[in-house]
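My entries follow the display.

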Amino acid sequence: VDDVPADTIARRFRYDVALVSTLKDLEEDIMEGLRERGLDDSTCTSGFTVVIKESCDGMGDVSEKHGGGPAIPEKAVRFSFTVMSITVQAEGEEEAVTIFQEPKPNSELSCRPLCLMFVDESDHEMLTAILGPVVAERRAMKESRLILSIGGLLRSFRFYFRGTGYDEKMVREMEGLEASGSTYICTLCDSTRVEASQNMVLHSVTRSHEENLERYELWRTNPFSESAEELRDRVKGVSAKPFMETQPTLDALHCDIGNATEFYKIFQDEIGEMYKKNNPTREERRGWRSALDKQLRKKMKLKPVMRMNGNYARRLMTREAVEVVCELVPSEERRKALRELMELYLQMKPVWRSTCPAKDCPDQLCRYSYNSQCFAELLSTTFKYRYDGKITNYLHKTLAHVP
């Protein structure tokens with residue numbers, strides 16, 4: 001982007017051009033895949049299907065630390081895609097055959113930037129203005145076929161786009177949902193915070209892009225002339241126009257972070273024997289927190305952080321950390337409960353961290369529903385003081401939607 005005028009705020013590739021260049025990059029892999037599958041490449045000229053994972057995320061602060069550059073937002077957003085797999089359905093065959101599968105689909109090396117913008121991801125108007133054309137091109141490509149020369153022959157490809165690389169904040173923004181502090185806590189189901197805290201495990205995935213669009217229409221037109229409250233309950237918190245289709249997923253990193261934040265708070269409350277008290281002063285709470293920080297720093301070399309991050313979360317969510325915390329917990333009974341909570345969590349975690357749980361951790365996958373039920377049981381009995389009518393977004397997703 002060196003030769004770009006200074007006041008440019010976004011650079012992007014045309015989507016179809018980017019896909020062509022990506023397929024040309026994969027030309028050898030495609031040809032090799034055909035050979036390995038014993039397919040005669042001269043007969044395979046149509047029926048290729050490419051699955052694309054789309055991702056979009058804010059890149060945080062990119063300000064010049066001391067420069068006199070043009071006045072642009074200090075934040076950046078990147079929209080990118082990854083080719084997940086390519087299959088071909090040879091003529092007269094029943095089954096489609098996979099000829100390419102991205103071995104490391106979550107690696108930055110397989111991720112191809114499509115659009116880079118100097119925009120704050122919270123600035124909905126700016127973001128949608130820049131991504132508008134991307135959405136339009138994507139819509140056009142859904143219906144059409146791309147004809148491209150691969151291995152010296154023209155072949156016809158069709159694309160499936162799966163918007164799974166979004167964090168919760170971005171999903172809410174793209175799908176017209178209220179922000180993450182909303183009573184409608186989930187981007188996958190219609191549950192409210194109170195419902196989710198009372199029934200922790202039994203929810204199915206119900207939200208979809210189509211339904212969000214319908215609900216937005218209801219919100220916009222209010223055909224039953226309801227009050228704002230009734231209307232909001234009818235549309236379950238969809239109060240803006242969904243802009244881009246996303247697939248329902250769970251973002252493993254934020255799942256780690258959200259749950260670690262929660263455990264960090266449980267640790268503090270247990271050190272202060274919160275289950276006995278009704279409302280401790282701020283001073284008391286501060287004391288518990290500094291005791292916890294001191295202990296973690298001394299025994300685990302874990303420095304306190306301003307905001308929970310992935311590395312801290314991974315170090316905190318270990319048996320070792322629980323043992324260290326238990327040294328500060330007065331009652332043996334509570335220590336047992338904490339150990340059990342962490343034990344269940346560590347059984348569940350590989351399932352949503354893994355790219356292919358059925359391959360990597362089949363046993364934990366089979367036990368997931370049972371484990372999450374035990375976990376929820378513990379929270380709603382032993383730790384009731386924390387989960388009475390409230391639960392965090394990611395804890396709800398971890399318990400209800402991973403299975």
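Are H8 and H15 roughly parallel or roughly perpendicular to each other? I started there, after noting the ground rules. This is a predicted model, in which local features need pLDDT of at least 70 and side-chain atom pairs count only at pLDDT 80 or more, while totals for chains, interfaces and linings use all residues. Residues are numbered from 1 along each chain as its sequence is written, and side-chain values use heavy atoms, with hydrogens and water left out.

Entry 1, H8 and H15. I looked up helix H8 (residues 252–271) against helix H15 (residues 393–400) and found an angle of about 115°, with the axes 8 Å apart. Axes are lines fitted to C-alpha atoms, for helices over the stretch in contact, and angles run from 0 to 180 degrees between N-to-C directions. H8 and H15 are therefore roughly perpendicular to each other. The classes are roughly parallel under 35 degrees, roughly antiparallel over 145, roughly perpendicular from 65 to 115, and oblique for the rest. I then listed the residues that meet: His-254, Cys-255, Asn-259 and Glu-262 in H8, and Tyr-394, Leu-395 and Thr-398 in H15. By class, this contact has three nonpolar, three polar and one charged residues. Here Ala, Val, Leu, Ile, Met, Phe, Trp, Tyr, Cys and Pro count as nonpolar, Asp, Glu, Lys and Arg as charged, and the others, Gly among them, as polar. Contact means heavy atoms within 4.5 Å. Helices (H or I, at least four residues) and strands (E, at least two) are DSSP runs, numbered from the N terminus.

I checked the accessibility of H15 and found eight of its eight residues buried, so H15 is largely enclosed by the rest of the structure. Buried means under 20% relative accessible area, exposed over 50%, and partly exposed in between (1.4 Å probe, protein chains only). The cover over the buried residues of H15 includes helix H4 (168–174), helix H5 (193–198), H8, H12 and helix H14 (362–381).

I located Leu-346 in helix H12 (residues 332–353). Leu-346 counts as buried because its relative accessibility is 17%. Apart from neighbours within four places in sequence, Leu-346 is in contact with Met-317, Thr-318 and Arg-319.

The unreviewed UniProt entry has the annotation "domain: V(D)J recombination-activating protein 1 ZnH2" over residues 248–403. UniProt positions are in the numbering used here, feature names are shortened, and annotations may be inferred rather than shown by experiment. I computed 69% helix and 0% strand over residues 248–403, with the end C-alpha atoms 13 Å apart.

I found helix H1 (residues 15–25) and helix H2 (residues 27–36) packed at about 55°, with their axes 4 Å apart. H1 and H2 are therefore oblique to each other. Leu-23, Lys-24 and Asp-25 of H1 make the contact with Glu-27, Asp-29 and Ile-30 of H2.

Phe-157 lies in strand E7 (residues 153–166) and is buried, with a relative accessible area of 0%. Leaving aside neighbours within four places in sequence, I found Phe-157 in contact with residues including Leu-23, Ile-30, Phe-48 and Val-50.

Entry 7, whole chain. I noted 15 helices and seven strands in the protein chain. Buried residues make up 45% of its 403 residues.
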